[in-house]
Amino acid sequence: MNIANMTATQLAAAIRAGETTAVEAAEAVLAQIEKEDKKYNCYVTVDRNGALAQAKAVQEKIEAGEFSGPLAGVPVAVKDNICTEGLLTTCSSKILHNFVPAYTAEAVKNLQRAGAVILGKTNMDEFAMGSTTETSAYGPTRNPRNTAHVPGGSSGGSAAAVAAGECIYAIGSDTGGSIRQPASYCGVVGMKPTYGTVSRYGLIAYGSSLDQIGPLTKDVEDCAAVLETLASHDPKDSTSVSRADTDFTTALTRDVEGLRIGIPNDYLGEGLDGEVRTAVLQAAEVLEKKGASVERFDLSLVEYAIPAYYTIAAAEASSNLERFDGIRYGYRTEAFEGLHGMYKKSRSEGFGEEVKRRIMLGSFVLSSGYYDAYYLKALKVKALIKKAFDAAFAKYDLILGPVAPTTAPELGESLADPIRMYLGDIYTIAVNLAGLPGISVPCGEDSRGLPIGLQLIGDCFQEKTLLRAAYTYEQEVREHEQTV
């Protein structure tokens with residue numbers, strides 16, 4: 001039994017059946033981390049002793065019949081911007097190098113209530129600002145499919161850990177594509193739920209109106225099971241939504257008969273790699289053959305999504321990161337003169353280049369002379385983008401397209417040109433601006449063997465439709481591969 005290669009639902013079933021134990025599962029995955037992580041750098045912190053202690057306690061509860069769900073005893077990795085009581089949580093930043101939270105994020109608590117075993121904290125772009133996991137203070141994560149390439153970001157450590165078998169599944173956060181894009185680059189499944197579905201309590205904020213926690217898994221079945229566990233109404237989070245339709249695993253049926261799917265012409269134009277385009281259109285054909293109707297349409301305002309997103313996200317980041325001042329916790333400079341000198345030096349030394357760039361941009365667009373010209377205008381564009389999606393969903397059940405314009409770039413390629421890195425988010429950020437759910441499903445490889453991701457986007461609270469289409473596509477491809 002190769003535990004590291006199993007899906008979460010397979011492993012949980014094996015543990016329930018007595019074929020293995022939660023402790024053996026944790027030991028197997030920890031051994032995989034020890035063997036592989038020097039190559040990939042997926043983790044900032046591995047909590048070996050804590051994971052084994054959790055696994056032992058969970059196993060006792062499984063045997064007592066207290067845990068019987070699809071995640072009980074299964075090892076999970078948590079992105080390093082999601083708080084875990086007593087376990088280092090750094091946001092992959094020097095400024096939080098020694099921060100140990102006194103509380104646990106609600107999303108992680110939901111996993112623990114289901115019997116999940118927390119392995120440790122995964123590497124990420126510093127404060128989730130980046131698309132390659134190269135802005136981390138702890139060094140870049142490498143793509144397990146090709147270590148010369150990036151794993152995507154900002155949840156690159158989580159996606160790479162799933163792809164490398166260094167966890168069975170992981171959770172990340174998605175502000176502008178930070179779950180879906182690394183899922184695409186690493187050849188795994190990643191989902192950003194409707195804004196408010198998963199509590200943001202305990203998620204260290206980047207862009208509060210955009211951030212959402214979601215799963216990174218080996219297949220769509222696991223994705224549905226994890227999302228079902230994560231989703232809950234939380235009175236501690238004022239943006240949390242109370243939903244009655246979070247039984248997402250019931251959507252796992254191979255049935256897209258009559259489903260209306262729209263492909264935006266704007267997503268297939270200039271800048272899209274030819275191999276990515278071909279793979280995405282072939283995936284659309286698979287769904288069409290299963291009974292879905294597929295047609296092309298024009299989704300307006302796409303070219304305005306990137307400037308609107310980076311204006312809003314940077315503005316919210318400059319406000320959210322104000323609290324990291326070297327006074328209450330985190331890094332404090334050693335030599336300084338006066339209080340303001342200490343603030344300035346601590347923040348200058350503690351934050352990386354990309355974070356400083358976005359704080360300065362955010363402070364600029366919020367300043368009195370430019371608030372109306374930039375920030376207010378970006379909010380108006382955000383409302384127009386939501387209106388454009390509303391019009392599209394009046395006609396279609398799902399929108400289909402690529403996750404990213406290319407497959408994973410080589411290490412160092414994007415950092416040399418930040419604007420190019422920003423443009424890499426063109427197909428994902430509008431989903432966050434409109435608060436919609438989106439999923440990335442592997443749909444092939446390019447000629448270099450790098451994974452390509454198919455993105456499916458649904459209307460608000462339509463995760464079940466997304467999961468049904470994604471599951472149908474995945475099962476069709478899997479069946480085809482087995483017969484070839």
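This is a predicted model: local features need pLDDT of at least 70, side-chain atom pairs count only at pLDDT 80 or more; totals for chains, interfaces and linings use all residues.
Eleven strands make up an open sheet with mixed pairing, and their order is 1-3-2-4-6-5-10-11-9-7-8. Which strands stand at the edges? They are strand 1, residues 43-46, and strand 8, residues 293-297; each has a single partner strand, so one side of each lacks a neighbour in the sheet. From one strand to the next, the twist averages 30 degrees.

A helix lies against this sheet. Helix 12, residues 371-393, packs on it and touches strand 8, strand 9 (398-402) and strand 11. The direction of helix 12 makes about 115 degrees with that of strand 9.

On one pairing, strand 5 runs antiparallel to strand 6 over two bridges, with G190 bridged to L216 in strand 6. In the other, strand 5 is antiparallel to strand 10 over three bridges, and here K192 has G438 as its bridge partner. G438 also stands opposite I457 in strand 11. That belongs to the pairing of strand 10 (residues 438-445) with strand 11 (residues 451-458), which is antiparallel over six bridges.

Next, helix 5, residues 156-163. Why call it largely enclosed by the rest of the structure? Because seven of its eight residues are buried. Those are G156, G157, S158, A159, A160, A161 and V162. What do they pack against? The list is strand 1, strand 2 (75-79), strand 3 (117-122), strand 4 (169-174), helix 6 (180-186) and strand 6 (212-217). After helix 5 comes G165, with a positive phi near 75 degrees.

Last, the cysteines. How many disulfides are there? The count is zero. Take C186: the closest cysteine sulfur belongs to C42 and is 8.0 Å away, too far for a bond, given that a disulfide needs the two sulfur atoms within 2.5 Å. C443 is in no disulfide either, the nearest cysteine sulfur being that of C186, 15 Å away. Buried or exposed? C186 counts as buried, at 1% relative accessibility. C443 counts as buried too, at 9%. The cut-off there is under 20% relative accessible area.

That is the end of my part.

Conventions: Residues are numbered from 1 along each chain as its sequence is written. Side-chain values use heavy atoms; hydrogens and water are left out. Two strands pair if DSSP finds at least two bridges between them. Helices (H or I, at least four residues) and strands (E, at least two) are DSSP runs, numbered from the N terminus. Axes are lines fitted to C-alpha atoms, for helices over the stretch in contact, and angles run from 0 to 180 degrees between N-to-C directions. Contact means heavy atoms within 4.5 Å. Buried means under 20% relative accessible area, exposed over 50%, partly exposed in between (1.4 Å probe, protein chains only).
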